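Subject: Structure handover

Hello,

Here is the structure for your files. Please open it before you read on.

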Amino acid sequence: GDRAGLIAAALLAIAPMDVSLASTLQSDIPSAFLLNIGVLLIYVCAQRELFKSKITCAVLAGTALGLSWLTRESAVYIFPFIGCYMLWVVGRDRRNLTLLVGAILAVTVIVAAESFTYWQFTGDPLWRFHNVGRAAQEAWRYDTKVFHNVVTIPVWRRIFITGPRIIFARPISVFALMAVVYALWKKREDFGF
């Protein structure tokens, strides 16, 4: 029915890559799972009244988001949307500043721990970024028949330019976006989240 279709569109809008990767064992699925846990906890946290409850929920949300980053670097694509939502809820209720600060601190601690670990073992705190670039260069050098015109793409460019272009150019993402716009236009209360 309509409700099942809206739920499917909502799930598709939250993590459109999961549909195409549902039958494969890749890091996208656990990363998306952790991202969705973080988003859900942020939403729940924004509804809480007590400071202790807000800070606990915010730290758990930030931890889920940080673990998602550790699982796959493409997790950063959701951070601008989560950041905008958190700024919006802080604007509506100043008590939600606890949510913003708690989540940011938890993510920062995880990323700092990752960088510190890399620094201890490799001498390079940004080893992950550098290694992704090196691995891509090696793969492209090895398979020159397939990638003969490919120019090495740095991680930052992949995160901010080519990644979003690939994600939003998929027809499934367009349909998910259309479903979200339709639900907002019809003012479906059950679709608000």
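Below are the findings, from the whole chain down to single residues.

This is a predicted model, in which local features need pLDDT of at least 70, side-chain atom pairs count only at pLDDT 80 or more, and totals for chains, interfaces and linings use all residues. Residues are numbered from 1 along each chain as its sequence is written, and side-chain values use heavy atoms, with hydrogens and water left out.

**Overall fold**

The protein chain has nine helices and zero strands. Helices (H or I, at least four residues) and strands (E, at least two) are DSSP runs, numbered from the N terminus. In the 193-residue protein chain, 31% of residues are buried. Buried means under 20% relative accessible area, exposed over 50%, and partly exposed in between (1.4 Å probe, protein chains only).

Contact means heavy atoms within 4.5 Å. Among contacts in the protein chain with a separation of 6 or more, 62% join residues 24 or more positions apart.

**Core**

The largest nonpolar core has 19 residues. Such a core is a set of buried Ala, Val, Leu, Ile, Met, Phe, Trp, Tyr and Cys residues joined through side-chain atoms within 4.5 Å. Ile 42, Leu 65, Ile 82, Met 86 and Leu 99 have the most contacts inside it. H3, H4 (51-71), H5 (79-92) and H6 each supply at least two residues of this core. H3 gives the largest share, five residues.

Take Leu 65. Beyond residues up to four places away in sequence, Leu 65 touches Leu 35, Gly 38, Ile 42, Phe 79, Ile 82 and Val 107.

Ile 37 sits in H3 (residues 28-47). Ile 37 counts as partly exposed because its relative accessibility is 30%. Its C-alpha is 9.1 Å from that of Leu 60, 23 residues apart in sequence.

**Second largest pocket**

This pocket holds about 170 Å³ of space. A pocket is found on a 1 Å grid over the protein atoms alone: an open set of points where a 1.4 Å probe fits, with protein on both sides within 12 Å along at least five of seven lines; lining residues have an atom within 4 Å of a point. Its lining includes Trp 69, Phe 79, Tyr 118 and Arg 128. Helix H6 (97-122) and helix H7 (127-142) each give two or more residues to the lining. H6 provides the largest share, five residues.

**Two loop residues**

Which loop holds Glu 73? Glu 73 lies between H4 and H5. Glu 73 counts as buried because its relative accessibility is 16%. Leaving aside neighbours within four places in sequence, Glu 73 is in contact with Arg 128, Val 132 and Arg 158. Arg 128 also lines the second largest pocket.

Asn 96 is in the loop between H5 and H6. Asn 96 counts as buried because its relative accessible area is 2%. Not counting residues up to four places away in sequence, Asn 96 touches Cys 45, Ala 46, Lys 54, Val 89 and Val 90. Asn 96 and Met 86 are 10 residues apart in sequence and 7.8 Å apart in space, C-alpha to C-alpha.

Best wishes

Methods:
Points joined across faces, edges and corners; volume = space filled by probe spheres on them.
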